[in-house]
Amino acid sequence: MSKTAIVTGASSGIGLAIAKALLERGYNVVATSRNASRTSELQGKPNVAFIDGDVGNAATAERAVAAAKSRFGGLQLLVNNAGNFIAKPFVDYTADDYAQLLSTNLAGFFHMTQHALRVMAPAKAGHIVNIGTSLATQPVTGVPSALPILIKGGIEAATRSLAIEYAPLGIRVNTLAAGFIDTPMHAPETHGFLEALSPSKRMGTTQDMADAVLYLDGASIVSGEILHLDGGANAGK
């Protein structure tokens with residue numbers, strides 16, 4: 001029986017790469033984003049369901065989980081990928097920045113995870129993977145980002161708490177703490193600066209992230225883990 005996954009923020013970047021990798025491995029995928037149904041690279045596949053909506057809205061999570069159940073019979077994997085990253089000096093953050101980060105990065109995690117767990121718990125099986133950032137534990141000079149780190153760091157703590165809470169029910173929870181990944185979020189002219197921040201002197205790729213999700217989903221004993229994908233930046237300087 002094929003596994004079914006929900007991937008948030010699946011229309012571009014890391015989320016799209018993860019959705020495509022899961023499909024190639026035979027998973028059913030519920031792809032969510034504001035414009036998921038317009039994602040040409042996922043069109044025409046029988047094992048994809050699209051849910052258009054704001055991840056910060058509880059109704060989007062409810063519809064995504066309902067689609068996993070009605071279309072594919074259940075839910076085995078949730079990838080909380082959707083997120084915004086706003087880097088600026090702390091005193092320059094606006095009320096709009098704060099509201100945007102809370103909605104997408106925190107409310108999105110809360111609603112999706114809660115609805116997913118309500119399906120996974122009775123089945124006594126499931127896996128949740130959160131996409132985080134290595135900056136949560138290893139901030140760097142030149143990338144002031146205390147506000148998004150506040151949220152991502154909290155999700156790392158929640159990862160450990162949820163892993164323990166749900167282990168008796170056979171549910172695993174992990175976080176991928178990404179370094180700087182080559183996506184449209186980073187303008188090409190910034191790549192040299194970002195590469196220099198990594199001991200490996202390179203940015204990660206969206207395929208690196210997808211490979212890590214596949215690894216974690218197959219590693220049935222791994223839970224409560226914060227897996228860094230940052231070329232060693234988390235080790236310090």
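Student: How many helices and strands are there in the protein?

Tutor: In this predicted model, there are six helices and seven strands. Going along the sequence, they come in the order β-α-β-β-α-β-α-β-α-β-α-α-β.

Student: What about contacts between residues at least 6 apart in sequence: what percentage join residues at least 24 apart?

Tutor: That would be 67%.

Student: Let's pick a residue. Why is threonine 60 called buried?

Tutor: The cut-off for buried is under 20% relative accessible area. Threonine 60 has 3% relative accessibility, so it counts as buried. You'll find threonine 60 in helix 2, which covers residues 58–72.

Student: Which residues does threonine 60 touch, leaving out those up to four places away in sequence?

Tutor: Threonine 60 touches Ile51, Gly53, Asp54, Val55 and Met112. For a sense of distance, take serine 103: it sits 43 residues from threonine 60 along the chain, and their C-alpha atoms are separated by 12 Å.

Student: On to the rings. How many aromatic pairs does the count come to?

Tutor: One aromatic pair. The partners are phenylalanine 90 and tyrosine 93, with ring centres 6.1 Å apart.

Student: How do you know that the pair is edge-to-face rather than stacked?

Tutor: First, centres have to lie within 6.5 Å to pair at all, and then planes over 60 degrees apart count as edge-to-face. Here the centres are 6.1 Å apart and the planes stand at 75°, so the label is edge-to-face.

Student: Is phenylalanine 90 buried or exposed, and why?

Tutor: Exposed means over 50% relative accessible area. Phenylalanine 90 has 57%, so it is exposed.

Student: And tyrosine 93: buried or exposed?

Tutor: Tyrosine 93 has a relative accessible area of 13%, so with buried set at under 20%, it is buried.

Student: Last one, on charges. How far apart are the mean positions of the positive and negative charges?

Tutor: There are 18 positive and 18 negative charges, and their mean positions are 7 Å apart.

How values were computed: Residues are numbered from 1 along each chain as its sequence is written. This is a predicted model: local features need pLDDT of at least 70, side-chain atom pairs count only at pLDDT 80 or more; totals for chains, interfaces and linings use all residues. Side-chain values use heavy atoms; hydrogens and water are left out. Rings of Phe, Tyr and Trp (its six-membered ring) pair if their centres lie within 6.5 Å; planes under 30 degrees apart count as stacked, over 60 as edge-to-face and the rest as tilted. Buried means under 20% relative accessible area, exposed over 50%, partly exposed in between (1.4 Å probe, protein chains only). Helices (H or I, at least four residues) and strands (E, at least two) are DSSP runs, numbered from the N terminus. Contact means heavy atoms within 4.5 Å. Lys and Arg count as positive and Asp and Glu as negative; His and the chain ends are not counted. The place of a charge is taken as NZ of Lys, CZ of Arg, CG of Asp or CD of Glu.
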